[in-house]
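Hi there,

Here is the structure I promised to pass on to you. Have a look at it first, and then read my notes below.

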Amino acid sequence: MADVKIDHLVKNYNPGVARDVLRDINLDIKEGEFVVFVGPSGCGKSTLLRAIAGLDDITSGDLYIGGKRMNDVPPVNRGVGMVFQSYALYPHMTVRENLAFGLKIKKIDKAIAKERVAQASAMLGLDSFLERKPKALSGGQRQRVAIGRALVQHPDVFLLDEPLSNLDAALRVKTRIELARMHQERGSTTIYVTHDQVEAMTLANKIVVLSPLTDDGAASNLEQFGPPLDLYHAPANRFVAGFIGSPKMNFLDGMIEEAGEQRTRIKLDTGISLTASVDSSRGRAGDKVEVGIRPEHTVMLDDPRADNRVTGTVQVAEHLGAETFVYLEVGGKDFTVKVRPETPAAPQSQFDIGVPADACYLFDAKGQAFPRTARFSRT
Amino acid sequence: MAVTTVSIEGAGTSATHWLKWAVLGLIALINLYAVTLMYIQGETVFALVFLILVATGLYVFAAERAYVHRYIFPGVATMFIFIVFPLAYTIWIAFTNFSASNILTFERARHYHLSQTYRIEGQNYDFSLYAAGPETYRLALTAKTGERFISEPVELRIPDAKAQPPAATAPIEIDLTAIDTPPDQPPLAVKELVRLRGVMQNVVAHLPDHSDLRMSGMRQFSATRPLFQVLPSAQGGDGSILVNQQTKERIAPDMRLGFYRQINAEGEFTGPGIAPGFSVFVGWKNFLRVLTDPGVQGPFLQIFGWTLTFSFLSVVFTLAIGTVLASLVQWEGLAGRGLYRLLLILPYAVPAFISILVFRGLFNQNFGEINLLLSQVFGIRPGWFNDPTLARTMLLIVNTWLGYPYMMILCMGLLKAIPADLYEASAMDGSNFIRDFFSITLPILMKPLTPLLIASFAFNFNNFVLVQLLTQGRPDIIGAQTPAGTTDLLVTYTYRIAFEGSGQDYGLASAIATLIFIMVGILALINIKLMRVDR
Amino acid sequence: MAMVESQSVIYRKLAAHVFLWFFLALIIFPLLMVIAISFRTGNFAVGDIIPSNPTLDHWRLALGMSIIDESGRTIPPPFPVLLWLWNSVKVAVISAILIVALSTTCAYAFARLRFSGRSLLLKAMLIFQMFPAVLALVAYYALFSRITEYFPPLGLNTHPGLIFAYLGGIALHVWTIKGYFETIDKSLEESAMLDGASPWQAFRLILLPLSVPILAVVFILAFITAITEYPVASILLQDEAKLTLAVGSQYYLNPQEYKWGDFAAAAVMSGLPITLVFLLAQRWLVGGLTAGGVKG
Ligand SMILES: Nc1ncnc2c1ncn2[C@@H]1O[C@H](COP(=O)(O)OP(=O)(O)OP(=O)(O)O)[C@@H](O)[C@H]1O
Ligand SMILES: [Mg+2]
């Protein structure tokens, strides 16, 4: 068991030539936490994970595991276990040999090694495959061997790089639940990389959102680090707001009409005015802003909480049975709303939707969020 | 990854750490000694190369930050020694007069002259040997006056005749003391003396009066003196001028010709070169000889022309036969394709040095089976090895036989990649087998094949083994200054200049080799360009 | 090639078979001829393809046994062919093993590790392997006479020296093996390193066992190259007892002492095993040759 502390970490694969992949990353991961790294493809999630494991070296900054500086410690001595996206099972070894390889290399007592392999194999249900080669296993079985191989090392920190991405949807849900159970049982610090919102929201104690570094001006590509619901309700900026939540948040351009500590009036480019429960005291009337509204936070016009009204043209309506999504065009921008099942919405027709003031997010011209004064929940 | 590996190394116990440094230190010392030795002997180039290799090796294995380079060092070092260095050294030799007559370094030639001796008339001694154990003898000398001298038992081992180089053996110094009567045992028979002659020639006998004697006849030792001595600086010597002690003539090294020559009082060279010569830098002389000297230029151009023709025709013939056979063998409807393929590959599977020699026998004018067949059917017995045109034809026949399977194998691989529907589509258009071959198969094959064809051209350009084992370049070109034949390729030509006949003109050979390097290098560059375009 | 029109297909097939058989007869003729000659009496006699009165004399000589001719004289074997074959096999096996070892470690570094000069070295290797050793024979000779002076066991006229010289030709093999290594998932070794393996252990326990097929190909290629190599061996080796087969065989056809029959037997005896090795291995070799070729 150990905590992981990352201090001003910078990673550049080819300093001086290439752009930084990670810049000024600061993280404080507590012992036993389940932390998930999310972000668009290529933003450096795997790189950060590999830097923690010691597979890539750090360009500058420090990494501490269990309070010890680990920058120059070889992977094996960092007390980490890792599951690779491709599983990386040794093809020429049986499942048993795969599990026992690390113990053998470390010259761990045979009896203890056997015990640990047996334990892991029982826990992951691998007992009947132990003598098979990886080629003769299904995707899910391979994935469990990969987890088992990390488990037998009794790592202090468990690293997983998109471990479920090669599995089909059903197996993914099942394994996700298993992973959550395993984390509860063992309580080891776990860092997990994924693309999947649901995995992130359900598994994580805390989520790290990374963004790709595009211009050289950005100070850091760590966008936000916090509990899942904080990221959902109080995103630090437009990037996190757009990234967390599915379907994605809708954004409308406008400017501040009347700033305030509890409430803010905004004039949208479409001409209508909107009231939002946002503290805009650091802004002034006339500042350009963006309003964010989550599809699932819209209400019917007859709802008492419908403080504002937004009107758009219906593009498509998707009836999924349990819910209906209507895709609108509002002032030249896409605007998705989630409405009651079977709400009629004919294409090209006008569609009015209510937006509670508590449901609005507000971002300044740089994309930084104004603090919200209320959290909206639909029920 | 580099960071982590370093720390693993660092984690080694201190005992192995010390051992490692001790071993590295020892290696460094031994090699430093060897380098110094080479340098003193005048082998500057070799000493430098050796020093560079050893120093990089030591650095790579000693420095933690060069850990990764440890993986490549052995391989890259051997490639350096056996590819890069010989290449560079060949180019270097091309600018020297290195040859059989100028084979030594200056230091060695000087040493050779200084160790020459001459006999002083009148001071002759009869000698005899007395056995004193296995390969151990006592040397006894008797002067004309009756004085006798004898030595302690010394070992006289007959040197291994194959040892290289034989002349480098050190003199065997033997001290003698005066005695009154000869030992009472029979001296060695003449037969034994003959056997030991080689060793005895290296013996220098020291008499009590400090005179040095050397063997001067089958049974005789004589007083000798060094023939040359360095001219003392008091008499205007600068250390390079030697004085012949017998004639008092002065000689000095001519650094342009690579020989010691007699000089007159003004220090001008007057005499011819005195063997052995030494190798000196001669600038572009060898290249100028190739380009302008008629005795060299004529054969060179003729051989160059033939080399180009040979390489080009070899590629064309093997390619033509290879593609046709490959498309036949890939034809799925054809029964027994596997067997055909196996039999067709046979010439490639038999080691070339065997099949070439087999052809040499088969083409023999008098005993060869080919002429036997020809004389039975047509009544002719062509002189395959005597007529230039026939000899060239024979080379091409044999080379095609040797080379078509490789082309066939390559084409088979490439043909597999042509989609069948191309042929189906063209069959719809009413095309036929032959037209398909020229309009579909060949154009598609050509693009990936081009770099391989250039490589094949370069290979045949330098097809040493074929010519050396089949014709050795013969029949010879009349009137050539150096050994040169009508079937010689540039490579065999250089080989013959370097290793055949009496001239052994390494400098000229290397100049031609350098020209070939340039041509091959151009081909290599073209090839790399082409391959990159393909990707 | 799916033949759409089936009318003339039969004629075409027939023509193809006839052509192939005719061509094969021409191609195989020399090989059959040597076999026949090896059983024919005498060294000059000309005769039929199937010898009229076959003899095993040439084979006895090739196998190192003396024979007694009609006049009762004992004829010793002209050349130590078996010894030459042994020399060749010895040199080829040892150099092939060393070449595999050297090129594998090099290829590992080129495929997996990052170091300064990597791409430069790779390109240089491609260019330098185009220059045949024949062109630098003078330099080879000079180099080895120097080595002889300072360290005779590795010098002229020694097998270790010859093996040492053959180790220079690893460039193409490095490329071949490197290409193969790059097809193996890198995370296998990373995973091994997390499991506690040193880079060397990851290389030995994970990468090597997975690369056995390509290493076998390189071994066989290096073996065949070494066993058929002529120019360098002919410069470095001098004693009859030290020659390799490739250098020694030509002495049979010396115009002064023409031993055609003896040569035939020696050639068949020593050439057959090498040919068989090649034919057995050709399935893998052909892939390796074309891959190596196409990749350069
Ligand atoms: N070995 C490397 N050398 C140079 N650049 C690299 C290397 N590995 C990754 N990169 C670059 O670093 C950036 C981040 O890569 P990384 O694999 O960490 O992304 P990721 O967030 O894991 O993406 P994905 O979600 O697609 O897996 C990418 O732009 C990638 O091109
Ligand atoms: Mg990734």
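Let's begin with chains C and B: 102 residues of chain C are in contact with 103 residues of chain B, where contact means heavy atoms within 4.5 Å. This is a predicted model, in which local features need pLDDT of at least 70 and side-chain atom pairs count only at pLDDT 80 or more, while totals for chains, interfaces and linings use all residues. Residues are numbered from 1 along each chain as its sequence is written, chains are lettered from A and ligands numbered from 1 in the order written, and side-chain values use heavy atoms, leaving out hydrogens and water.

Between chain C and chain B, about 9,600 Å² is buried, 80% of it from carbon and sulfur atoms. (Buried area is the accessible area, with a 1.4 Å probe, that two parts lose on being put together, summed over both.) The rule finds 2 salt bridges across this interface; a salt bridge is a side-chain nitrogen of Lys or Arg within 4 Å of a carboxyl oxygen of Asp or Glu. C:Arg40 and B:Glu369 meet in a salt bridge, at 2.4 Å from N to O.

Now for the ligand. Ligand 1 lies between chains A and C, and the residues around it include A:Tyr13, A:Lys45 and C:Arg114 (near means a heavy atom within 4 Å). A polar side-chain atom of A:Lys45 lies 2.8 Å from an oxygen atom of ligand 1, and a backbone N or O atom of A:Gly44 lies 3.0 Å from an oxygen atom of ligand 1.

Enjoy exploring!

Technical notes. Polar contact = N/O pair within 3.5 Å; in protein donor to acceptor, adjacent residues only side chain to side chain.
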